[in-house]
Amino acid sequence: ALSDVYCVNNTVAYASGLTFWKTTDGGTTWVNLFDFGSRAAAIHFLNEMNGWAVGDFGFRKTTNGGISWQPVSIPPSTRNPVSLFIADINRGYIASGEIVDKTTDGGLNWTPILSSGNSFYHDIHFISESIGYLTDGRFVLKTTDGGTTWQKVVRLGQGFFIELHFTDANHGWAASDNGLVVRYQ
């Protein structure tokens, strides 16, 4: 079963689960490139060659388009990572249930930026160095200071948010477990 898909452009995309797949023809054909040995919860790519994955195996990085993956240090506070967002070669975020961690040095060091005993952070997406969004059960949270503070900006009546993505500062979507899609414009 697949757990995440990442589209680099209109022809190149990656899919992950227990194994890692790539398409170069917009999804018509897929090639299995790598077997993680356990489930990859999330993948994120900066371009066709440089990507990261988190899952039961920890945190890994590829520099050759997913042919091979090297272990990267993971925050000690991270348990069961479910989402990641890599903004650039140095700055990235990992959400793992009740904790969100941030790196500014390519994963060498991590700092918890959000922690709660009663939340479930599921997906994270930044549109700039300071503005980011995070799903937390029935809520979408927003930061305007790089993750130092967060505010609830959307509340779902039933269900919970499972996916969040922005194409730019003015266009974003969040999807819930019960099929509702919320659009930010």
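Biologist: In the hairpin of strand 14 and strand 15, which residue takes a positive phi?

Modeller: That is Gly137, with a phi near 60 degrees. The hairpin has two residues between the strands. Keep in mind that this is a predicted model.

Biologist: How many bridges join strand 14 to strand 15?

Modeller: Five bridges, and the two strands run antiparallel. Strand 15 covers residues 139–143. As an example of the pairing, Tyr133 has Lys142 in strand 15 as its bridge partner.

Biologist: What holds strands of a sheet together in general?

Modeller: Strands pair through backbone hydrogen bonds, either parallel or antiparallel.

Biologist: And on the strand 13 side, how many bridges are there to strand 14?

Modeller: Four bridges, and that pair is antiparallel. Ile124 has Leu134 in strand 14 as its bridge partner. Strand 13 and strand 14 also form a hairpin, with five residues between them.

Biologist: Is strand 14 mostly covered or mostly open?

Modeller: Mostly covered: five of its five residues, 132–136, are buried.

Biologist: Which of them point which way?

Modeller: Gly132, Leu134 and Asp136 point one way, while Tyr133 and Thr135 point the other way. Both sets are buried. In a regular strand the side chains alternate between the two faces of the sheet.

Biologist: New topic. What is the order of the strands in the open sheet of four?

Modeller: The order is 5-6-7-8, with antiparallel pairing. Strand 5 and strand 8 (70–72) stand at the edges with a single partner strand each, so one side of each has no neighbour in the sheet. On average, neighbouring strands here are turned by 30 degrees against each other, direction ignored.

Biologist: How many bridges pair strand 5 with strand 6?

Modeller: Five, in the antiparallel sense. One of the residues involved is Ile43, whose bridge partner in strand 6 is Ala53.

Biologist: What sits in the loop between strand 5 and strand 6?

Modeller: Leu46 is found there, between strand 5 (40–45) and strand 6 (51–55).

Biologist: Why does Leu46 count as partly exposed?

Modeller: Because its relative accessibility is 34%, and partly exposed lies between the 20% limit for buried and the 50% limit for exposed.

Biologist: What does Leu46 touch, leaving out residues up to four places away in sequence?

Modeller: Trp52, Ile86, Ala87, Asp88 and Ile89.

Biologist: What about the largest pocket, what volume does it have?

Modeller: About 480 Å³. It is lined by 23 residues, and the closest to its centre are Asp4, Val5, Ile43, Asp123 and Glu163.

Biologist: Which elements give two or more residues to the lining of the largest pocket?

Modeller: Strand 1 (4–7), strand 5, strand 9 (83–86), strand 13 (121–126) and strand 17 (161–168). The largest share, five residues, comes from strand 17.

Biologist: How does that pocket lining split by class?

Modeller: There are 13 nonpolar, six polar and four charged residues.

Definitions and conventions
Residues are numbered from 1 along each chain as its sequence is written. This is a predicted model: local features need pLDDT of at least 70, side-chain atom pairs count only at pLDDT 80 or more; totals for chains, interfaces and linings use all residues. Side-chain values use heavy atoms; hydrogens and water are left out. Buried means under 20% relative accessible area, exposed over 50%, partly exposed in between (1.4 Å probe, protein chains only). Contact means heavy atoms within 4.5 Å. Two strands pair if DSSP finds at least two bridges between them. Axes are lines fitted to C-alpha atoms, for helices over the stretch in contact, and angles run from 0 to 180 degrees between N-to-C directions. On a 1 Å grid over the protein atoms alone, a cavity is a set of points where a 1.4 Å probe fits but cannot get out, and a pocket is an open set with protein on both sides within 12 Å along at least five of seven lines; lining residues have an atom within 4 Å of a point. Grid points are joined across faces, edges and corners, and a volume is the space filled by probe spheres set on the points. Ala, Val, Leu, Ile, Met, Phe, Trp, Tyr, Cys and Pro count as nonpolar, Asp, Glu, Lys and Arg as charged, and the others, Gly among them, as polar.
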